[in-house]
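Here is a short briefing on how the inside of this protein is packed. Have a look at the sequence and the fold, then read on.

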Amino acid sequence: MSESFVAMRNYSDNSSCQRSGAVLLSKMLEEALNKGLNKLSNKEIETGTITTIEFGCATGSSSLDILNKILVYATINGCRTKAIMNDLPLNNWNELKTTLQDKLPMIDVKLSRQSMYNGIVSTPGNADIAYSCFAQHWLSKGVPCHLPVETGAIWGNQLAGFPQYKDIHDTWAKASYDDWDRFLTLRAQEVHEGGIMVLLIQSSLDGTMPDAIAETCQAAKKKCLEEGIITADEAKLMCMPEYVKTRDEILTPLLMMDSPHASKWTVLDFRRTQPDACTKHITDSNTSDEEKMNAFVQLARGFMDASLEQAFEESARKKKLNFFWEMVLRIADNDHRKVTCNVMTELFALKRGESHDSLEEKKEMYF
């Protein structure tokens with residue numbers, strides 16, 4: 001993904017899903033610390049510091065619960081806390097600094113303004129804890145190839161299961177695999193032996209795009225093309241640089257006998273969250289169907305607009321983007337179930353170092 005790319009707009013106003021996911025992540029981190037970091041390493045004893053890295057930190061509003069857990073753990077063990085916050089250069093770094101200074105002034109915060117795939121962001125072997133929430137589905141190099149206009153597809157996952165588009169889907173899957181392979185390689189250089197990494201990754205049960213908003217957006221794109229609201233060239237460029245991995249795509253590099261990652265990372269825990277776990281605050285709210293529908297569309301626009309607007313000339317960008325979302329609302333017809341962002345996620349903890357358990361036993365446990 002270009003370092004000039006901004007994945008989300010107005011993160012603090014549109015990150016309720018990320019904050020819900022971060023709560024789940026912090027609970028797993030707490031359990032992982034008890035399992036995997038129950039004894040301080042020589043490095044921690046010598047420096048008196050617990051060093052953590054967050055990948056894809058955005059403005060910090062989703063980081064507070066996790067950092068609080070780490071701060072408590074460090075304090076109990078008589079250590080200071082250092083947090084390296086990593087994101088793309090155009091992240092709102094001023095808001096991040098303000099958030100952390102106001103809420104967690106006792107943490108020593110360092111900023112890493114680069115793609116998490118460019119290289120390591122800390123001294124090799126310096127990190128005790130690494131974590132990331134809702135970041136690994138974004139493709140580092142952007143859209144791998146255009147999607148067939150006639151399908152209305154916006155995500156590569158929407159071509160899964162269609163033999164005529166297998167080559168295109170495989171191109172997207174390969175881009176996602178390359179990023180995951182690179183991520184695991186770099187993090188193994190940063191996290192010391194015995195250190196912990198916890199991740200929450202947006203996922204798919206069968207390789208398709210499971211949430212209703214994706215299906216409705218696909219239908220809206222086709223309808224906009226049919227009605228001449230957008231051109232074929234614009235439709236070709238209306239793609240999201242995201243790919244949601246299956247559990248198999250996530251775990252295979254970690255559990256394959258000949259994979260270099262299997263000798264560097266041990267899977268401590270692996271769980272799948274329910275599709276609505278991160279958006280129950282909207283679906284269960286005491287609001288009208290129309291209000292719920294608008295809330296889901298606002299949530300979607302927060303992470304989609306920065307990508308979709310690239311399809312249009314700057315002079316027509318706002319107008320055409322609004323036409324597209326009006327079409328989404330028209331198709332939804334005040335039924336919030338047609339625009340739900342009920343994403344599925346895989347939540348898991350890894351320990352740096354080779355497992356003494358059988359990889360076959362691990363495969364049987366998680367697949």
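Buried here means under 20% relative accessible area, while exposed means over 50%. Please keep in mind that this is a predicted model.

**Helix α3**
- By that cut-off, Leu64, Ile66, Leu67, Ile70, Leu71, Tyr73 and Ala74 are buried in α3.
- The 13 residues of α3 reach 18 Å from first C-alpha to last, close to the 18 Å expected at 1.5 Å a residue.

**Helix α4**
- Helix α4 (residues 93–103) has Trp93, Leu96, Thr99 and Leu100 as its buried residues.
- Seen down the axis of α4, these buried residues fall within an arc of 125 degrees, so they line one face of the helix.
- An α-helix has 3.6 residues a turn, so residues three or four places apart point the same way.
- On the face of α4 turned away from the buried side you will find the exposed residues Asn94, Gln101 and Asp102.
- The cover over the buried residues of α4 includes α3 (64–76), β2 (80–87) and β3 (108–113).

**Nonpolar cores**
- The largest nonpolar core has 68 residues, and Val198, Cys217, Met304, Leu308, Phe324, Trp325 and Val328 have the most contacts inside it.
- Helix α10 (residues 289–308) gives the most to this core, with 8 residues.
- Another core, of 26 residues, lies apart from the largest one and has Ile53, Val191, Trp265 and Phe348 among its members.
- Leaving aside neighbours within four places in sequence, Leu308 is in contact with Ile154, Met238, Cys239, Met240, Leu321, Phe324 and Trp325.

Definitions and conventions:
Residues numbered from 1 in each chain as written. Predicted model: local features only at pLDDT ≥ 70, side-chain atom pairs only at ≥ 80, totals over all residues. Heavy atoms only, no water. Core = buried A, V, L, I, M, F, W, Y, C linked by side-chain atoms within 4.5 Å. Buried < 20%, exposed > 50% of the residue type's maximum accessible area, 1.4 Å probe, protein only. Helix = DSSP H or I, 4+ residues; strand = E, 2+ residues; numbered from the N terminus. Contact = heavy atoms within 4.5 Å. Arc of directions from axis to C-beta. Expected span 1.5 Å × (residues − 1).
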